[in-house]
Amino acid sequence: MSGFSSSQFLSNCSSDTLAVAALRLKNGGLVAFPTETVYGLGADATNNEAVSRIYQVKGRPSEHPLIVHIASIDGLGIWARDIPEYAIALARDYWPGPMTLVLLRSEIAKDFITGGQDTVGLRVPAHALALGLLNEFAKLGGLGVAAPSANRFGQISPTTAQAVSEEIAEFLSATDLILDGGPALVGVESTIIDCTGLTPRILRPGAITEEMIFDSTGIAVSDQGDAIRVSGSLESHYSPRARVVLNAIPESGEGYIAFSTLTTPAGVERLASPSTIEEFARDLYSALRAGDVLGLPTIVVVAPEGGGLALAIRDRLLRASHEPN
Ligand code: TXA
Ligand code: MG
């Protein structure tokens with residue numbers, strides 16, 4: 001666990017605090033902030049130098065595109081062009097919310113945001129602190145905040161400010177900030193939807209499900225098997241230090257994450273016992289982190305079955321269970 005100066009860590013986020021944080025962003029600093037999915041590491045999405053510091057702090061290869069967080073649907077037209085009607089329907093129905101839309105970029109979205117692609121990922125997060133920060137940033141003339149999950153590259157996304165601090169505080173400078181908004185409520189990263197084709201396509205499953213996309217657009221999306229183009233799709237990703245084993249019976253000395261209906265064998269360290277799929281998603285990453293803190297060599301997870309959020313959880317678990325490359 002690394003130390004951090006107390007000036008970096010703000011847990012009492014009044015509107016004054018958010019104005020200070022927005023000014024830091026405007027001046028090229030980094031601000032880690034809570035969203036409903038996971039914590040993000042934010043920088044002014046129009047500032048090349050600030051954005052390049054995100055890559056340094058995360059240790060992330062620079063060709064990976066970043067999601068631009070905007071205060072409202074009004075930001076769509078600033079960052080994207082030729083927006084299909086189904087994308088506008090999705091934005092109206094599910095923003096603010098755990099959904100990222102990939103659209104053709106405008107000239108505002110530079111290569112250092114899009115990784116040189118002709119598309120940009122956009123999201124309005126549903127979290128009071130995140131929206132407060134984005135609104136204060138907009139008051140200063142800011143157009144959007146680039147924010148990947150606030151973890152080191154390849155690690156699990158942080159769902160608490162403490163986890164952010166443990167991941168990256170040692171790489172931040174004295175003028176960067178970590179905002180504490182409590183534990184993230186959704187717990188897995190946003191659904192990423194490619195909106196550059198005639199129909200939407202899910203690139204990363206999340207809390208906004210196929211059914212919800214159908215309800216909003218009247219278009220049936222299928223085929224999530226080829227979600228390969230995003231960094232979250234690298235084989236070994238979202239990985240704790242422990243070896244993650246799926247759908248096995250844990251042995252003494254191992255960690256265990258499973259629905260509360262499954263009992264804990266003797267000598268096994270129970271890390272989470274969710275009773276709903278929402279709880280499963282919310283608690284998963286912090287439970288994996290807790291297993292690492294305990295120094296467990298192996299964590300057994302009984303993956304939830306079914307579509308929707310269960311699909312998103314299985315997607316992350318499959319990657320966590322891969323041996324590092
Ligand atoms: O829930 C979330 O989406 C969180 C919170 C902080 O908003 N953010 C997040 O960011 O998960 P990140 O960078 O860890 O993952 C975003 C993924 C990356 O794998 C990136 O490659 C992909 O989104 N992405 C971003 N822009 C893209 C684009 N234009 N085309 C395809 N994929 C894109
Ligand atoms: Mg990430």
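These legends describe close-up views of a predicted model.

**View 1. The shell around ligand 1.**
In this model, 24 residues surround ligand 1. The closest are Thr37, His69, Ser149, Ser190 and Arg204. By class, the shell holds 10 nonpolar, 10 polar and four charged residues. Strand S4 (67-69) and strand S6 (119-123) each supply at least two residues of this shell. S6 gives the most, with four residues.

**View 2. Ser190 and its partners.**
Ser190 sits in the loop between strand S8 (177-179) and strand S9 (191-194). Its relative accessible area is 2%, so Ser190 counts as buried. The side chain of Ser190 makes a polar contact with the side chain of Thr100, at 2.8 Å. Ser190 is also among the residues closest to ligand 1.

**View 3. The contact between Ser157 and Glu189.**
Ser157 is placed in the loop between strand S7 (145-146) and helix H7 (161-168). With a relative accessible area of 1%, Ser157 is buried. Its side chain makes a polar contact with the side chain of Glu189. The distance is 2.5 Å.

**View 4. The aromatic pair Phe259 and Phe280.**
A pair of aromatic rings is described by the distance of the centres and the angle of the planes. The count for this model comes to one aromatic pair. Phe259 and Phe280 form this pair, with 5.2 Å centre to centre and 75° between the planes. The geometry is edge-to-face, because planes over 60 degrees apart fall in that class. Phe259 lies in the loop between strand S12 (255-257) and strand S13 (269-272), and Phe280 in helix H9 (residues 277-293), so the pair ties together parts that are 21 residues apart in sequence. Phe259 is partly exposed, at 24% relative accessibility. Phe280 is buried, with a relative accessible area of 1%.

**View 5. Arg152 over the ring of Phe171.**
Arg152 lies over the face of Phe171. The distance from the ring centre is 4.0 Å.

**View 6. Met212 and Asp93.**
Met212 belongs to helix H8 (residues 210-217). Met212 has 24% relative accessibility and counts as partly exposed. In sequence, Met212 and Asp93 are 119 residues apart. In space, they are 9.2 Å apart, C-alpha to C-alpha.

**View 7. Val221 and Ser173.**
Val221 is found in the loop between H8 and strand S11 (243-246). Val221 is buried, with a relative accessible area of 9%. Val221 and Ser173 are 48 residues apart in sequence. Their C-alpha atoms are 43 Å apart in space.

Note on methods. Residues numbered from 1 in each chain as written. Chains lettered and ligands numbered in written order. Predicted model: local features only at pLDDT ≥ 70, side-chain atom pairs only at ≥ 80, totals over all residues. Heavy atoms only, no water. Near = heavy atom within 4 Å. Nonpolar A, V, L, I, M, F, W, Y, C, P; charged D, E, K, R; others polar. Phe/Tyr/Trp six-rings, centres within 6.5 Å; stacked < 30°, edge-to-face > 60°. Buried < 20%, exposed > 50% of the residue type's maximum accessible area, 1.4 Å probe, protein only. Lys NZ or Arg CZ within 6 Å of the ring centre and 35° of its normal. Polar contact = N/O pair within 3.5 Å; in protein donor to acceptor, adjacent residues only side chain to side chain.
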